[in-house]
Amino acid sequence: TWHLKKIPQIVRERTFSLDSPKYEARTKLELNSVCGIECQRKLPAPSLSDLKNLLSYETVFENGTRTLTEVNVLGAVLDPAANTSTQRPLRKKRQIYGTDSRFSIYDKRFMTNFPFNTAVKISTGCSGILVSPKHVLTAAHCLHNGKDYVKGSKRLRVGLMKTKSRGNGRKRKGAKRKTSDGLPSFQWTRVKSTHIPKGWFKGVSGDIALDYDYAVLELKRPHKRKYMELGISPTIKMMPGSMIHFSGFDNDRSGQLVYRFCSISDESNDLFYQYCDAEPGSTGSGIYLRLKEPNKKKWKRKIIAVYSGHQWVDINGEQQDYNVAVRITPLKYAQICFWIHGNDGNCTQG
């Protein structure tokens, strides 16, 4: 069951103008030398002043202007426990574990219907998910490398799936009728603004902190498709079979929508570690669960994490690899909800 939780408030305090970004960073779909499981165990729980700094955010607009918004955090319950997780066996670095368990979705009846139609393609080479009529949730590293915005984010676009048509209208005599090959084409929409939490930036976190690898894009024009709502990430033991699901556009299956599900292997306060089969290109996908609504017989899918991608770190001289996702905690729910609605009035319960 989805359990309702009281959400902290993210309150805007001050907004400053910044210089326009240089847009000189290279897009990297796989991150190296990040804080992994071993590193997470040693991290102290953030203080309230830390949270205010980490959850302040940059906004970049389509005309190149950039602002920094400082926030206050009200009603946050600070967890004194460190980022605990259990020790797991080491694995060799790879993105497909044993038999490839991914499914390519070809049937347009599935592809253009919920939940698969919520998956979108980001022009920098990542995936994302629709979270409102005008907003897309994705990974921060698809847009920013921790120091600067990536080159392709200057004219950022989002591709919404549509199936290729069989041809419209009358054809001239002898012309071949175009047939659908079952692959999606994309209706590309410009991005009006982008929000990234300061916790993602080097100098704030000291190093790239996967805990804050998420961003929200506001589209220039609203779409009329069904989107997926945010949910608070439950712990592994509260998930049916510990199973998660996500769909994205993996680079090794060009033009295909790829769906997968798997169980979570490990967790910290802010991250899920799992071995879902996934190739670069699927990073930024929304990870979701299907649980019952409170006091109802109705089941509902909600986004509980953002897929950050395939990562590896050295632990005690051995290479540890995993696929990692950023959990939507009550604080992150409050921030993303605030970005979507522009106020915290719609974000009191999650």
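**Disulfide and salt bridges in the predicted model**

The torsion about the S-S bond of cysteine 126 and cysteine 142 is about -95 degrees, so the disulfide formed by these residues is left-handed. In this predicted model, the structure holds one disulfide, and the sulfur atoms of cysteine 126 and cysteine 142 that it joins lie 2.1 Å apart. The pair links distant parts of the chain, since cysteine 126 is placed in the loop between β5 (119–122) and β6 (127–130), whereas cysteine 142 is placed in the loop between β7 (135–138) and β8 (157–163), 16 residues apart. Both cysteine 126 and cysteine 142 are buried.

Ten salt bridges were also found in the structure. One of them is formed by glutamate 267 and arginine 327, whose side chains meet with an N to O distance of 3.1 Å. Because glutamate 267 belongs to strand β13 (residues 257–267) and arginine 327 to strand β17 (residues 318–327), this pair ties together parts of the chain that are 60 residues apart in sequence.

Salt bridges that share partners join Glu229, Glu293, Lys300 and Lys302 into one network. Within this group, lysine 300 forms a salt bridge with glutamate 229, in which the closest N and O atoms are 2.9 Å apart. Lysine 300 lies in strand β16 (residues 299–315) and glutamate 229 in strand β11 (residues 229–230), and the pair therefore ties together parts that are 71 residues apart in sequence. Lysine 300 is partly exposed, with a relative accessible area of 22%, and glutamate 229 likewise counts as partly exposed, at 37% relative accessibility.

A further salt bridge connects glutamate 218 with lysine 192, the closest N and O atoms being 4.0 Å apart. This pair, too, links distant parts of the chain, with glutamate 218 in strand β10 (residues 215–219) and lysine 192 in strand β9 (residues 184–197), 26 residues apart. The two partners fall into separate accessibility classes: glutamate 218 has a relative accessible area of 17% and is therefore buried, the cut-off for that class being under 20%, whereas lysine 192, with a relative accessible area of 36%, is partly exposed.

How values were computed
Residues are numbered from 1 along each chain as its sequence is written. This is a predicted model: local features need pLDDT of at least 70, side-chain atom pairs count only at pLDDT 80 or more; totals for chains, interfaces and linings use all residues. Side-chain values use heavy atoms; hydrogens and water are left out. Helices (H or I, at least four residues) and strands (E, at least two) are DSSP runs, numbered from the N terminus. Buried means under 20% relative accessible area, exposed over 50%, partly exposed in between (1.4 Å probe, protein chains only). A disulfide is a pair of cysteine sulfur atoms within 2.5 Å.
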